[in-house]
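Dear colleague,

I am handing over the structure below, together with some notes on what was found in it. Please look through the sequence and the model first, and then read on.

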Amino acid sequence: MSTPSTPRPSGSAPKSAAPRPTQVKRPAAAGAGSRPAPGQRPAPGQPRPGQPRPAGAPRPTGQQRPAGSQERLVRPAPKAKVRKARLLVSKVEPFSVLKIAFLLSVAFGVITVVAAVGIWAVLDLSGTFDSFNQLMREAIGADDSFDLRDSMSLGQVASYATIIAVVNVVVISVVAMLGSVLYNIASSLVGGAGVTLTDD
């Protein structure tokens, strides 16, 4: 026997009152350079926003470099290689050789004259001439008036030394110029003398 259906209230049917799933907010990872949310205090040890970073504080980088990495970055400067250059002296100017040889021979001549005069003065002051005169008188029976200074005076020694110096100037200059000419002839045949130049 059917029972009369109960009348439903006017309006829309009631919906199920199931609660909606709430979205869980994941906390932001505390990475490098993340700023705290407004109203949230920064963690201890982190500078506040707008506050200058202290001088000794490390920069907030994701990966900190080890202390020895800076030393590895500085590499020692490579040693400079010694440069060498091999050259050939293929020709010598005879006139330039003549000038250099003339100047050197003049200097050598002046040294010869000064040395001759100096040696004569040393022999005279040391009494060598007197000893030689006494020896000649006893050995040969020379007269008492015999004196080596008469035949080898200071003026004569200086004159002989000057003549020798002038002859040396002429001989050395001519020989040096002829030597340069002969070298040029020989270098045209064999290529000249090799010279190796290096840095200090």
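**How the helices pack**

The buried residues of α2 pack against α3 (128–139) and α5; here helices (H or I, at least four residues) and strands (E, at least two) are DSSP runs, numbered from the N terminus, and buried means under 20% relative accessible area, exposed over 50%, and partly exposed in between (1.4 Å probe, protein chains only). Please keep in mind that this is a predicted model, in which local features need pLDDT of at least 70 and side-chain atom pairs count only at pLDDT 80 or more, while totals for chains, interfaces and linings use all residues. Residues are numbered from 1 along each chain as its sequence is written, and side-chain values use heavy atoms, with hydrogens and water left out.

The protein chain has five helices and two strands, which follow one another along the sequence in the pattern α-β-α-α-α-α-β. Of its 200 residues, 10% are buried. With contact meaning heavy atoms within 4.5 Å, residues 24 or more positions apart account for 76% of the contacts with a separation of 6 or more.

**Helix α2**

Helix α2 has 32 residues and reaches 46 Å from its first C-alpha to its last, close to the 46 Å expected at 1.5 Å a residue; the expected span of a helix is 1.5 Å times one less than its number of residues. Its buried residues are V97, A101, S105, G109, A116 and W120. After α2 comes G127, whose phi is positive, near 80°.

**Helix α5 and the strands**

Helix α5 covers residues 154–190, and because its 37 residues should span 54 Å at 1.5 Å a residue, the 52 Å between its end C-alpha atoms agrees. The buried residues of α5, among them V157, A161, A165 and V169, pack against β1 (84–89) and α2 (94–125). Just after α5, G191 takes a positive phi of about 100°.

Strand β1 lies largely in the open, because the number buried among its six residues is zero. β1 pairs with strand β2 (residues 193–198) in the antiparallel sense over six bridges, where pairing requires that DSSP finds at least two bridges between two strands. Within this pairing, L87 stands opposite V195 in β2.

**Helix α4**

L148 is found in helix α4 (residues 148–151) and is buried, with a relative accessible area of 15%. Leaving aside neighbours within four places in sequence, L148 is in contact with F129, F132 and N133; the C-alpha atoms of L148 and F132, which are 16 residues apart along the chain, are separated by 7.7 Å.

With kind regards
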